[in-house]
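Here is a short briefing to read alongside the model. Keep the structure open and look up each residue as you go.

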Amino acid sequence: VGEALPGGPRVEACDTAILTAEEHPATAWKSRLTAAAADLKRIHFPGWDDAGVLIKRIRLPGMGNELRDYLLSRRIRLLVIDPIGSFLDLTMLEDNGHTAREVMQTLTDALAAASCAALVVKHPRKGNAGSPLDQVSGSKEWINQPRSVLVVGPHPNAPDMRVMASLKCSFGPKPSSLTAGIDFPGGASLWSFKGETPLTAGDVF
């Protein structure tokens, strides 16, 4: 879509690939993308055919070269994986640090070859004990490996709002946290960023 975040510049729209395990591309994703005025011709769903039938699931690290070739052939500039735990080789254990390191290195290599960025979704543990670092499900290596980690959760003082806050940023100073509401244009859920907030990742979890 290429819309700007609050306080930031508008970014150039790009071809995007979405690896999704929890929602069907032809229903939930399509309605949200349409509501966001996305160019559907530039949205790709690896492993799904044009009729919305799942042909095969990309699994990492075993299919790293296939993923790289897919990104290159379609000039993908943004890859979304939701959630990463659903796209692991069947022999890989999500709570194993070796798994996290090998999967993230394979993903990094594929992204670098294709000049592509990735947004990787990881769910929190059930319950709210411990620091934000302790609440990521599986090995802590899922936090250690990426250069930037954002957390998203309910606003502590406004249940209808959400907060996106930086937990880790190796590129420089942590960016400001942002608040967002959820709109429902045409019945599709769509985030609407409202502005900056002093809330931190620790306030969200």
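Glu-141 and Arg-101 join their side chains in a salt bridge, with N and O 3.8 Å apart; a salt bridge here is a side-chain nitrogen of Lys or Arg within 4 Å of a carboxyl oxygen of Asp or Glu. The pair links distant parts of the chain, 40 residues apart: Glu-141 sits in helix α4 (residues 141–144) and Arg-101 in helix α3 (residues 97–114). This is a predicted model, in which local features need pLDDT of at least 70 and side-chain atom pairs count only at pLDDT 80 or more, while totals for chains, interfaces and linings use all residues. Residues are numbered from 1 along each chain as its sequence is written, and side-chain values use heavy atoms, with hydrogens and water left out.

**Salt bridges**

- How many salt bridges does a search of the whole structure find? The search finds 6.
- (Buried means under 20% relative accessible area, exposed over 50%, and partly exposed in between, using a 1.4 Å probe and protein chains only.)
- Lys-56 forms a salt bridge with Glu-66, and their closest N and O atoms are 2.4 Å apart. This pair also links distant parts of the chain, with Lys-56 in the loop between β2 and α2 (64–73) and Glu-66 in helix α2, 10 residues apart. (Helices, H or I with at least four residues, and strands, E with at least two, are DSSP runs numbered from the N terminus.)
- Lys-56 is partly exposed at 42% relative accessibility, and Glu-66 is partly exposed at 32%.
- Glu-23 forms a salt bridge with Arg-32, where the closest N and O atoms are 2.8 Å apart. Glu-23 is partly exposed at 25%, as is Arg-32 at 26%.

**Cysteines**

- A disulfide is a covalent bond between the sulfur atoms of two cysteines. The cut-off used here is a pair of cysteine sulfur atoms within 2.5 Å, and the whole structure has 0 disulfides.
- Is Cys-116 buried or exposed? Cys-116 is buried, because its relative accessible area is 11%. Cys-14, at 22%, counts as partly exposed.

**The cavity**

- The whole structure has 1 cavity of 30 Å³ or more. (On a 1 Å grid over the protein atoms alone, a cavity is a set of points where a 1.4 Å probe fits but cannot get out; a pocket is an open set with protein on both sides within 12 Å along at least five of seven lines; lining residues have an atom within 4 Å of a point.)
- The largest cavity holds about 50 Å³ of space, where a volume is the space filled by probe spheres set on grid points joined across faces, edges and corners.
- Among the residues lining the largest cavity are Leu-19, Trp-48, Lys-56 and Phe-87.
- The lining of the largest cavity divides into 6 nonpolar, 2 polar and 2 charged residues. (Ala, Val, Leu, Ile, Met, Phe, Trp, Tyr, Cys and Pro count as nonpolar, Asp, Glu, Lys and Arg as charged, and the others, Gly among them, as polar.)

**The second largest pocket**

- The second largest pocket has a volume of about 390 Å³. It is lined by 17 residues, and Pro-25, Ile-43, Phe-45, Asp-49 and Asp-50 are the closest to its centre.
- Which element gives the most to the lining of the second largest pocket? That is α1, with 4 residues.
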